[in-house]
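Colleague: May I put some questions about the terms used for this model, and about the values behind each of them?

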Amino acid sequence: MRTCLYPFSALVGQEPMKASLLLNAVDPGIGGVLVRGPKGTGKSTAARALAGLLPPIRVVTGCPFNTDPAGVPWTPALPVAGNQRRPGEISFRPMPFVELPLNATEDRVAGALQLEQALQTGQRCFEPGLLAAAHRGVLYVDEVNLLDDHLVDLLLDAAASGVNVVEREGLSFAHPARFLLIGTMNPEEGELRPQFLDRFGLCVTAGQIAVMAERQEVIRRRLAFDQDPEAMRESWRAADEVLAAQVSQARGRLLQVGIPEAIIAQAAELGYRLGAQGHRADLTVVKAARA
């Protein structure tokens, strides 16, 4: 059953949260975003609504790994379950937006080598997981601070290297896994491990809306969506289409945008004054400014 997403354009207030999501949609190289805030501030709603603005991607037809036909040629080292690759054929598909459940198993996330089939038939086969599905797209984790440590380690490895490696009983399989990581969390339920926090390029807080007119508008729009989601989507379709077109155009023009020396100097000074370790924060600020 198709889920009807809340229109991104219908979100009220929370400008830093919306801006951070849009910036990452324009330039995934920013490194993702972590949205912190109490319950009921629209964190999950905004993250999921972003899916409706993402442009389609070109892929090798039938490839379960969303292989880019213009990228470095890559062929799976083992047979892959559900693989219908047709090298040389190109098709378009929606940019992946994959949600990682907190109770997911390691095999569901990373994929699994089907050892039983190998023992029975002698044929080794790989079952792709969520990381394969999210390649060249978005991996979203709600309540990311509650994710099990073994899954955090797995995501850290994949996010740092851009490759997912699965090893079982002497068998090994590796595939590209480059994705935009979006996480939402309520700090009252626990903090995030520093190593995982470092994987997010931007971090914003979704806080209380203090303007009464905006708070009232949040109620009206949410009630309208709950009553008739399709009608609500239709009433905001034009606004979302305009925003989606802007994101697509910005992605195409991104590398043509020059970065003034004043921006570089300001980012370096800001990182130094705040005591940022290393230079990743400086680079992220500059990339966000360009986006």
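Modeller: Let us begin with helix H11 (residues 261–273) and helix H12 (residues 280–290), which pack at an angle of about 140° with their axes 9 Å apart. Helices are DSSP runs of H or I with at least four residues, strands are runs of E with at least two, and both are numbered from the N terminus. The axes are lines fitted to C-alpha atoms, for helices over the stretch in contact, and angles run from 0 to 180 degrees between N-to-C directions. The model is a predicted one, in which local features need pLDDT of at least 70 and side-chain atom pairs count only at pLDDT 80 or more, while totals for chains, interfaces and linings use all residues. Residues are numbered from 1 along each chain as its sequence is written, and side-chain values use heavy atoms, with hydrogens and water left out.

Colleague: What makes H11 oblique to H12?

Modeller: Angles under 35 degrees count as roughly parallel, over 145 as roughly antiparallel, 65 to 115 as roughly perpendicular, and the rest as oblique. The angle of about 140° falls among the rest, and H11 is therefore oblique to H12.

Colleague: Which residues of H11 and H12 make the contact?

Modeller: Contact means heavy atoms within 4.5 Å. On the H11 side are Ile 263, Ile 264, Ala 267, Ala 268 and Gly 271, and on the H12 side are Asp 282, Val 285, Val 286 and Ala 289.

Colleague: How do the residues of this contact of H11 with H12 divide?

Modeller: Ala, Val, Leu, Ile, Met, Phe, Trp, Tyr, Cys and Pro count as nonpolar, Asp, Glu, Lys and Arg as charged, and the others, Gly among them, as polar. By that division there are 7 nonpolar, 1 polar and 1 charged.

Colleague: Why is Gly 271 called buried?

Modeller: Buried means under 20% relative accessible area, exposed means over 50%, and partly exposed lies in between (1.4 Å probe, protein chains only). Gly 271 has a relative accessible area of 10%, and therefore it is buried. Apart from residues up to four places away in sequence, Gly 271 touches Ala 276 and Asp 282.

Colleague: Why are H1 and H10 described as they are, by their angle?

Modeller: Helix H1 (residues 15–26) and helix H10 (residues 237–253) pack at about 45°, with axes 8 Å apart. H1 and H10 are therefore oblique to each other. The contact is made by Leu 22, Ala 25 and Val 26 of H1 together with Leu 243, Val 247, Ala 250 and Arg 251 of H10. These residues divide into 6 nonpolar, no polar and 1 charged.

Colleague: How many aromatic pairs does the count come to?

Modeller: Rings of Phe, Tyr and Trp (its six-membered ring) pair if their centres lie within 6.5 Å; planes under 30 degrees apart count as stacked, over 60 as edge-to-face, and the rest as tilted. The count comes to 6 aromatic pairs. One of them joins Phe 65 and Phe 126, at 6.4 Å centre to centre with 20° between the planes, and it is stacked. This pair links distant parts of the chain, 61 residues apart: Phe 65 is in the loop between strand S2 (57–60) and strand S3 (90–93), and Phe 126 is in strand S6 (residues 126–127). Phe 65 is buried, at a relative accessible area of 0%, and Phe 126 is buried at 0% as well.

Colleague: What is the aromatic pair of Phe 196 and Phe 200 called, stacked or tilted?

Modeller: With 5.6 Å between centres and 45° between planes, the pair is tilted. Phe 196 is buried at 0%, and Phe 200 counts as buried at 8%.

Colleague: How does Arg 136 count at 24% relative accessibility, buried or partly exposed?

Modeller: At 24%, Arg 136 counts as partly exposed. Arg 136 is in the loop between helix H5 (130–134) and strand S7 (138–142), and has a positive phi of about 70°.

Colleague: With which residues is Val 59 in contact, leaving aside its neighbours within four places in sequence?

Modeller: Val 59 is in contact with Asn 66, Thr 67, Pro 69, Glu 89, Ile 90, Ser 91, Arg 93 and Arg 136. Val 59 lies in strand S2 and counts as buried at 0% relative accessibility.
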